[in-house]
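Work through the exercises below with the sequence and the model open. Each task is followed by a solution in steps.

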Amino acid sequence: MSEDRKKYILDKFDELAEKEGSSAKACKKIGINPAIMTGLKNGSYKGDSDRQFKFLAEYFELKDEAKKSFKNEDYIPTSISESVQGYIKNAQLKGGLVAIAGHAGIGKTRAIRKFKEDNDNSTIFITANPCLNTTKPVLKRICKELNISGVRSNYEMYDLILDKLRDGMVIIFDEAQHLSLKVIETLRGFSDYFNEKNQTLGIVFVGNQTTMDRFGGREDAVFAQIANRTIQKPVFQTSDIKREDIRLLYPNIEQNSMEEDFMLSVARSKEGIRGANNLYTNCYDNEDVSYEGLKNMAKHMKMMI
């Protein structure tokens with residue numbers, strides 16, 4: 001590999017490091033050892049440098065190619081995503097529990113990420129999953145977010161978390177349908193503790209309809225304590241997506257056209273905004289975003305419209 005090519009690759013790395021905030025973060029994103037990267041930059045690397053530069057080149061070439069595709073990478077203030085942010089802010093201001101339920105792919109997670117970005121110092125954002133669904137792993141994750149280490153027992157973690165949490169904070173759990181009832185009860189205890197001190201700690205659970213069942217959607221007595229402390233329980237559906245949202249998401253589509261009508265129908269179907277984005281991206285890459293192009297691609301993708 002020529003020296004000019006190597007310099008170009010190192011310049012691309014420096015651009016990424018500046019964007020990510022540090023060389024270490026850039027290395028982690030690429031998947032290269034920071035020590036190797038340092039050696040490549042100062043010329044002290046003793047291994048197969050051409051192999052490492054080829055690895056870096058393939059990464060940057062892939063990213064350059066991806067830029068040519070249509071992507072809604074920036075936050076788009078759709079009606080649903082703005083509403084989700086509003087409910088989160090209300091929980092932060094008033095404290096207590098908020099359970100937000102909605103169909104998949106309608107912008108809930110993007111709204112959470114935007115809220116976290118704008119309120120980083122006062123927001124903890126955790127995504128639940130089948131492995132992160134019981135009390136101990138959830139408490140461990142909160143400890144990690146609060147820079148608490150070296151604690152093993154649930155009781156100790158609980159007390160140290162209370163000491164670290166501050167008035168006016170909000171903890172958001174995405175994919176909250178995975179959380180057990182015991183976890184929800186534990187988290188409710190954090191909110192109650194701040195309420196008793198006339199302070200606020202918002203706990204927001206975001207997920208599908210199963211999430212709502214855990215917050216008073218069922219009449220079982222076991223849910224009464226949670227239901228009584230849940231200040232809001234909004235439910236969003238794909239049918240709530242508005243034509244104005246389509247215009248924000250796809251500004252290149254002519255207004256009141258057949259293309260706009262079709263994209264709205266896709267977004268309001270089971271596919272949601274996520275499915276609409278996938279469809280438009282494929283059509284854009286195929287250089288055919290006409291009505292026929294959209295319709296044929298949707299058929300090819302076997303979309304549930």
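**Exercise 1.** Find which element gives the largest share of the lining of the largest pocket.

*Solution.* On a 1 Å grid over the protein atoms alone, a pocket is an open set of points where a 1.4 Å probe fits, with protein on both sides within 12 Å along at least five of seven lines, and lining residues have an atom within 4 Å of a point. Helices (H or I, at least four residues) and strands (E, at least two) are DSSP runs, numbered from the N terminus.

Step 1: read off the share. Helix α6 provides six residues, the largest share of the lining.

Step 2: The model is predicted, so local features need pLDDT of at least 70 and side-chain atom pairs count only at pLDDT 80 or more, while totals for chains, interfaces and linings use all residues. Residues are numbered from 1 along each chain as its sequence is written, and side-chain values use heavy atoms, with hydrogens and water left out.

**Exercise 2.** Describe the space in the largest pocket and the classes of its lining residues.

*Solution.* Step 1: the space is about 840 Å³, where a volume is the space filled by probe spheres set on grid points joined across faces, edges and corners.

Step 1: 34 residues line this pocket, and Gly107, Thr109, Arg110, Arg113 and Arg274 are the closest to its centre. Two or more lining residues come from each of α6 (108–118), β4 (201–207) and α14 (272–285).

Step 2: the lining has eight nonpolar, 15 polar and eleven charged residues. Here Ala, Val, Leu, Ile, Met, Phe, Trp, Tyr, Cys and Pro count as nonpolar, Asp, Glu, Lys and Arg as charged, and the others, Gly among them, as polar.

**Exercise 3.** State which residues have the most contacts inside the largest nonpolar core.

*Solution.* Step 1: a nonpolar core is a set of buried Ala, Val, Leu, Ile, Met, Phe, Trp, Tyr and Cys residues joined through side-chain atoms within 4.5 Å. Buried means under 20% relative accessible area, exposed over 50% and partly exposed in between (1.4 Å probe, protein chains only).

Step 1: this core has 37 residues, and those with the most contacts inside it are Ile88, Ile100, Ile172, Val204, Tyr250, Met263 and Leu279.

Step 2: another core, of 29 residues, lies apart from it and includes Leu97, Leu132, Ile161 and Met169.

**Exercise 4.** Describe the aromatic pair of Tyr87 and Phe236.

*Solution.* Step 1: rings of Phe, Tyr and Trp (its six-membered ring) pair if their centres lie within 6.5 Å; planes under 30 degrees apart count as stacked, over 60 as edge-to-face and the rest as tilted. The whole structure has seven aromatic pairs.

Step 1: Tyr87 and Phe236 are edge-to-face, at 6.2 Å centre to centre with 65° between the planes.

Step 2: Tyr87 is in helix α5 (residues 79–94) and Phe236 in strand β6, 149 residues apart. Tyr87 is partly exposed, at 26% relative accessible area, whereas Phe236 is buried, at 10%.
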